[in-house]
Amino acid sequence: MAQQNTFPDPILAMDYHPNQNLIITCSKESLAFWSVEVIDDSYLTNGRSSPSGMNSPNAESVDMGLQRLKLTKRLATFDLTDKPKFVTCIAFLPDGSIVSGDSNGSIVLWDIYSGKILRVAKSVMDGAISAIEFNHLTETFFVGSVTSPVLIELDQKFNEVNRNQGIVEVVGGIRTIAFNTSGIMFIGTTKNCVLTSGTNHAHFTFATMGHSKELWGLCVDWENEKFLTCGTDKLLVYWNSRQAEWYKEVDYACMTAAFHPRYELLAVGTDVGRWFALNSTTREIITMHADSKEQFNCMAFSPNGKRLAIGGQDSGIYIYRLDEQDNGTIRFSKVGKCIL
């Protein structure tokens with residue numbers, strides 16, 4: 001094991017070079033190339049100082065008991081007029097060349113020997129580039145940003161090949177991109193989701209989906225043996241035992257929910273004293289009521305399905321009666337409020 005103090009700023013990304021004995025690190029205003037060398041075994045004496053010439057500011061010896069390593073740092077050379085505030089991610093071409101993404105939304109091709117820029121594509125994305133990955137099957141780059149769900153494909157000369165805007169905004173921005181050996185793409189997002197696509201990378205499905213903020217509500221759909229979660233991210237997610245089946249964005253943080261025992265009906269309570277009911281199949285909101293200025297913490301339908309009780313932060317319990325109309329719709333009528 002070797003340890004080296006690099007910069008006073010956080011390391012944002014690092015990787016081993018696939019062909020060279022190098023470690024590449026990204027940080028604030030810097031891209032560094034670290035060569036790793038094994039020192040002659042004659043220096044393997046615990047407590048002995050480093051041999052002459054190894055106490056330079058860019059080198060450090062590390063005693064590992066069996067080996068001593070020397071890490072030597074070389075910094076990449078930026079154009080001072082376009083130096084980014086952060087270098088955020090790296091990827092490798094088949095020939096071993098390094099490509100970096102940065103906070104300017106630009107990507108840069110580097111010479112690993114001189115540390116100089118070979119090619120630049122400026123403002124590829126509007127925000128900082130958070131992920132860049134090379135697909136060895138298509139021989140193209142895929143670039144993403146945490147500021148949007150847009151995925152951009154570039155050839156090796158940094159010409160845009162495709163811009164995929166079909167990723168839904170509910171997943172957030174793109175945080176990471178990866179490929180398996182078959183060319184299947186996986187995308188990790190800022191809102192706790194993992195997306196996957198086929199080798200054409202045109203359509204994405206959820207591999208996993210989660211809430212990006214606090215999860216408050218959980219209720220079971222006993223009729224269909226499924227369940228729903230909701231939280232402060234204003235998202236309703238309906239699950240089977242393996243994965244999310246559907247989701248719905250709403251205008252309020254959702255704190256509690258309940259399924260009707262017989263109808264395809266779901267009631268949801270919010271953090272602002274409002275509650276609403278929606279059709280659990282079409283996901284259409286059919287009614288909304290405002291009873292309080294404080295959040296609702298719990299709600300439940302009666303066993304016969306004719307009453308709905310809602311408990312709030314204001315110590316009140318609100319009771320509603322359900323009546324089925326001639327056209328098959330359900331009408332909610334307020335019965336009263338119980339004060340604890």
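**Polar contacts and salt bridges in the predicted model**

The side chains of Asn-224 and Asp-221 form a polar contact at 2.9 Å, a polar contact being a pair of N or O atoms within 3.5 Å in which, within protein, one atom must be able to donate a hydrogen and the other to accept it, residues adjacent in sequence counting only if both atoms are side-chain atoms. The structure is a predicted model, in which local features need pLDDT of at least 70 and side-chain atom pairs count only at pLDDT 80 or more, whereas totals for chains, interfaces and linings use all residues. Residues are numbered from 1 along each chain as its sequence is written, and side-chain values use heavy atoms, with hydrogens and water left out.

Asn-224 is placed in the loop between β18 (215–221) and β19 (226–231); strands (E, at least two residues) and helices (H or I, at least four) are DSSP runs numbered from the N terminus. Asn-224 counts as partly exposed because its relative accessibility is 46%, where buried means under 20% relative accessible area, exposed over 50%, and partly exposed in between (1.4 Å probe, protein chains only). Between the C-alpha atoms of Asn-224 and Asn-240, which are 16 residues apart along the chain, the separation is 8.9 Å.

The loop between β17 (204–208) and β18 contains His-211. With a relative accessible area of 11%, His-211 is buried. Its side chain makes a polar contact of 2.7 Å with the side chain of Thr-229. Leaving aside residues up to four places away in sequence, His-211 touches Asn-192, Thr-229, Cys-230, Gly-231, Asp-233, Leu-235 and Val-237, contact being defined as heavy atoms within 4.5 Å.

A salt bridge was assigned where a side-chain nitrogen of Lys or Arg lies within 4 Å of a carboxyl oxygen of Asp or Glu; five salt bridges are counted by this rule. One of these joins Lys-226 to Glu-245, with 2.7 Å between the closest N and O atoms. Lys-226 belongs to strand β19 and Glu-245 to strand β21 (residues 244–249), so the pair ties together parts that are 19 residues apart in sequence. Both residues are partly exposed, Lys-226 having a relative accessible area of 21% and Glu-245 a relative accessibility of 38%.

A salt bridge is also formed by the side chains of Asp-291 and Lys-334, at 3.1 Å from N to O. Because Asp-291 lies in the loop between β25 (285–290) and β26 (296–301) and Lys-334 in strand β29 (residues 330–339), this pair ties together parts that are 43 residues apart in sequence. Asp-291 is buried at 15% relative accessibility, whereas Lys-334 is partly exposed, with a relative accessible area of 44%.

Strand β29 also contains Lys-337, whose salt bridge with Asp-314 has its closest N and O atoms 3.9 Å apart. Asp-314 is located in the loop between β27 (307–312) and β28 (316–324), so the pair ties together parts that are 23 residues apart in sequence. Asp-314 is partly exposed at a relative accessible area of 22%, and Lys-337 is partly exposed at 42%.

The chain has an average pLDDT of 85, and 89% of the residues score at least 70; pLDDT is the predictor's confidence in each residue, from 0 to 100. Confidence is highest in strand β22 (residues 254–259), at a mean of 97, and lowest in strand β4 (residues 59–63), at 49. The pLDDT falls below 50 over residues 42–57, a stretch with 21 contacts in the model beyond near neighbours in sequence. Residues 60–64 likewise have pLDDT below 50, with 22 contacts beyond near neighbours in sequence.
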